[in-house]
Amino acid sequence: MYRRPLQSAVRNVFNATASRGARAKVLDQEACFARALAACQLARVSSPSLTPCRTVHVSSQLCSVKETPQHTEEEVGAFTKLIEAMGFTGPLKYNKWKIKIAALRMYTCCVERVNYDDFFEKCSLPDTLNSWFLVAQLHVWMCLVRMRQEGRTGKYMCRYIVHSMWEDVEQRSKIMGVDASHRKEAMKVMTETFYAALFGYDEGILSDDCVLAAALWRNLFNRECEDPQQLELMVEYVRKQMQYIDALNGEDLLLTGEVKWRPLVEENAQSILKVATPTYNDAGL
């Protein structure tokens with residue numbers, strides 16, 4: 001009868017000894033891991049030519065590692081958030097009137113500095129108001145993509161670029177003699193086309209050339225392009241144009257709105273031309 005309590009006591013002693021041994025073994029392994037990690041960090045710091053491995057976030061000392069700067073959301077105060085939630089615009093980096101003028105200039109660059117005849121010829125587009133609008137909205141979209149990178153001020157500028165576009169489209173339709181009822185219906189269709197194109201182009205520029213070509217086929221060619229070389233030409237044009245406009249200084253774009261587009265066809269499409277710095281006075285004009 002006494003064997004069971006004795007066996008239980010002996011078993012508890014062995015289990016306790018084994019658990020202490022296991023804990024000691026785990027502690028030894030953790031100490032070895034910590035020493036090895038410290039040695040790796042020391043070797044990485046002392047030998048910058050070595051290729052860094054994946055960072056193991058196990059201590060607060062690794063927070064000082066330099067990383068590639070990323071676009072961060074602009075910090076705004078509680079008052080600005082409140083008034084913007086009510087539909088108003090809070091204080092911006094530059095005067096709102098200057099931003100509106102720059103937005104109008106940027107839209108003007110989309111209209112007056114683009115050779116529309118080139119697009120009509122190379123892409124086999126009919127010379128109509130709708131074809132002009134499809135080419136114009138492509139360039140407006142590229143401006144919107146670039147200006148959205150400039151924080152709240154750039155997004156405010158985007159609103160007036162689009163506003164200037166709709167005013168121009170309405171004036172052109174009036175000059176062409178389109179009556180009010182047909183003009184209203186046409187503006188409704190163009191609005192739907194424009195916002196659908198924005199989504200398609202955004203997806204295309206963030207994806208591969210096949211997705212971008214599909215977006216151009218739907219929106220620019222209106223699903224009527226049967227020549228793959230025309231699609232290839234437009235994909236190349238959008239890629240090089242976005243590469244070029246991304247190299248423009250954001251401050252200059254906010255103050256001047258000046259954009260000089262690259263030609264539709266050029267010999268060396270992969271090169272980035274040296275961007276000319278625009279000149280403006282203290283008033284931003």
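1. Let's start with handedness: a crossing counts as right-handed if the near helix is turned clockwise from the far one by less than a right angle. Keep in mind that this is a predicted model.

2. With that in hand, look at α5 and α7, which make a right-handed crossing. Their axes cross at roughly 45 degrees and come within 10 Å. Angles under 35 degrees count as roughly parallel and 65 to 115 as roughly perpendicular, so α5 is oblique to α7.

3. Who does the touching here? On the α5 side, the residues include Phe133, Leu134, Leu138 and Trp141, while α7 brings, among others, Met190, Phe194, Leu198 and Tyr201. Sorted by class, this α5 and α7 contact has 14 nonpolar, 2 polar and 1 charged residues.

4. Now follow α5 (residues 129-147) over to α9 (residues 228-246): the two pack at about 35 degrees, with axes 10 Å apart. This crossing is right-handed too, with α5 passing α9. Among the residues in contact are Leu138, Trp141 and Met142 of α5, and Met234, Val238 and Met242 of α9. The class count is 10 nonpolar, 2 polar and 2 charged.

5. The core has 65 residues, and Trp132, Leu216, Met234, Val238 and Trp261 touch the most other members. Helices supplying at least two residues each include α3, α7 and α9.

6. Have a closer look at Leu216. Setting aside neighbours within four places in sequence, Leu216 contacts Leu138, Tyr201, Phe221, Leu231, Met234, Val235 and Val238.

How values were computed. Residues are numbered from 1 along each chain as its sequence is written. This is a predicted model: local features need pLDDT of at least 70, side-chain atom pairs count only at pLDDT 80 or more; totals for chains, interfaces and linings use all residues. Side-chain values use heavy atoms; hydrogens and water are left out. Axes are lines fitted to C-alpha atoms, for helices over the stretch in contact, and angles run from 0 to 180 degrees between N-to-C directions. Helices (H or I, at least four residues) and strands (E, at least two) are DSSP runs, numbered from the N terminus. Contact means heavy atoms within 4.5 Å. Ala, Val, Leu, Ile, Met, Phe, Trp, Tyr, Cys and Pro count as nonpolar, Asp, Glu, Lys and Arg as charged, and the others, Gly among them, as polar. A nonpolar core is a set of buried Ala, Val, Leu, Ile, Met, Phe, Trp, Tyr and Cys residues joined through side-chain atoms within 4.5 Å. Buried means under 20% relative accessible area, exposed over 50%, partly exposed in between (1.4 Å probe, protein chains only). Angles under 35 degrees count as roughly parallel, over 145 as roughly antiparallel, 65 to 115 as roughly perpendicular and the rest as oblique.
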